[in-house]
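Subject: Structure for your review

Dear colleague,

Please find the structure below, together with an account of what was found in it.

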Amino acid sequence: MSRSIYVFHLSSGSCNNCDIEILDSLTPRYDLERFGITLVGSIRHADVLLCTGSANRLTLPIIKKLYEEMPKPGFVVAFGACGSSRGLFKDSYNTGQPLDEIIPIDVYIPGCPPKPEAIIGGLVKLAKMIREKNRGK
Amino acid sequence: MNLAEYLFMFLVFPGFLFSGTAGLVIGWVDRKVTAILQWRVGPPWYQNFLDTAKLLLYKETLIPKGISRGYFLGMPLLALSAATLASTVLLSANGSARTGFLGDVIVVVYLLMMPPIALMLGAFSSANTLASVGGSREMKMMLSYELPFLLALSVPVIKSGYALKLGDIINYQAASGAVIGNLSGVLSFLAMIFCIQAKLGFVPFDSPEAETELMAGVYIEYSGKALGIFKLAKSIMIFALPALIVTLYCGGTGSGSPTDIIKGLLEYIGIVFIMVLIKNTNPRVRIDHAMKFFWGPVALLAALSCILAVMGY
């Protein structure tokens, strides 16, 4: 299960830089597909919910609903500075709460935007976490 | 043949276990060739097995509220059993024992029509607007590609003396050269390749499962075991349809001797390679363009090849 990860990419109010870096890591230079990581279209197919962008007030209930729609066992990765802690939009009128007060986050990948090497490091941590969880069962 | 032998053929070889394993490997060939064409290193050879095992064993199956569970959960089973049965009949007719019966070509074609229908019904039972759009596109695709598929299919049947038995078609080609060696055979092979792309839901005809447009379209509400069974059915289709083309156009496994089997395998890999190449060099076409394409040029090509076959070319 740690060698076959389906990722659902959710961008709620990001500047799209993190989204470009996600696509970046699927290009030939870094090629995440050789680790079994694929992007899927539907949340019901996903193992990992990849959240970019600082969640707005209006999208927070939607993100919570999407997390509940993901078939368990599922994991959440907060991507970038905005996903981890709202980044430089901490005091903005539109960002109510950081993401980890709404859904449980497993891995944080900091950076603005994170370099593909940081993305790979974060995903390796996620794979180890999945393996430990399966071994512990 | 008694019941135990039939069950063995259906469940183990050349049925569920063999076709399932081969289908997952061919799915890997598709991903690996795609990766090489994009200058990447693709996933390892066991990747599809891990994906299917994860879906079947680890993930929970979520069912939308208020829908008919019989349709939602029964359609994947229908797709899997139809695909497995078609693959069993097709491969056992290719064997050296020449098991088969009069009309097994029609049975194989009928069974191979089932998985897309099951997909469409499953999509309509999902109570999701995007799945409905995907299901209606699947219906339109089926209406458009079935006509040239059957017209092109009649060419090997005509050329082998109006034989409706797969064993007779193989014997004719072993005796007097492959169907693809004639003009009508080449034209109908071309029409058949396009129809196979559409039947399998490969790009450029994958608008029912438009990944970035419809968010997985027909499959959108499926998860866990139901999704795993649908993906397994699609893998068996990916294995069985090129095998059908090799049997009808290139002579299958001929007389069963090792050289013929190796020749059949090489032709099979060539056809899979052609399909992956078409998949990687074309964008997705709009559904009305796809319908015009299949009802226009492809149907005319298939009809022309049919006429040429009757005239003897």
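Which residue of β3(A) does Phe8(A) stand opposite? Phe8(A) faces Leu49(A) in that strand.

Please note that this is a predicted model, in which local features need pLDDT of at least 70 and side-chain atom pairs count only at pLDDT 80 or more, while totals for chains, interfaces and linings use all residues. Residues are numbered from 1 along each chain as its sequence is written, and chains are lettered from A and ligands numbered from 1 in the order in which they are written.

Chain A as a whole

Chain A contains four helices and five strands; helices (H or I, at least four residues) and strands (E, at least two) are DSSP runs, numbered from the N terminus. Their order along the sequence is β-α-β-β-α-β-α-β-α. The radius of gyration of chain A is 14 Å, which agrees with the value near 14 Å for a compact globule of 137 residues; this radius is taken over C-alpha atoms, and the globule rule is 2.2 Å times the number of residues to the power 0.38. The C-alpha trace of chain A spans about 40 × 35 × 25 Å along its principal axes.

Of the 137 residues of chain A, 39% are buried. A residue is buried if 20 or more other C-beta atoms lie within 10 Å of its own, exposed if 12 or fewer, and partly exposed in between, with C-beta atoms placed from the backbone.

The sheet and its strand β3

Five strands of chain A form an open sheet in the order β2-β1-β3-β4-β5, with parallel pairing. The edge strands are β2 (37-39) and β5 (107-109) of chain A, each of which pairs on one side only. From one strand to the next, the twist averages 25 degrees. Two strands are taken to pair if DSSP finds at least two bridges between them.

In strand β3 (residues 48-52) of chain A, five of the five residues are buried, so the strand is largely enclosed by the rest of the structure. Val48(A), Leu50(A) and Thr52(A) are buried on one side of β3(A), and Leu49(A) and Cys51(A) are buried on the other.

Strand β1 (residues 5-11) of chain A runs parallel to β3(A), and five bridges join the two. Within this pairing, His9(A) stands opposite Leu50(A). Five bridges also join β3(A) to strand β4 (residues 75-79) of chain A, again in the parallel sense. Here Leu50(A) has Val77(A) in β4(A) as its bridge partner.

Helices across the sheet

Helix α1 (residues 17-24) of chain A lies across β1, β3 and β4 of chain A and runs at about 135 degrees to β3(A). Helix α2(A) also lies across β1, β3 and β4 of chain A, at about 165 degrees to β3(A). Axes are lines fitted to C-alpha atoms, for helices over the stretch in contact (C-beta atoms, placed from the backbone, within 7 Å), and angles run from 0 to 180 degrees between N-to-C directions.

Together, β3(A), helix α2 (residues 60-69) of chain A and β4(A) make a right-handed β-α-β unit. Right-handed here means that, with the strands pointing away from the viewer, the path from the first strand over the helix to the second runs clockwise.

Yours sincerely

How values were computed:
Contact = placed C-beta atoms within 7 Å.
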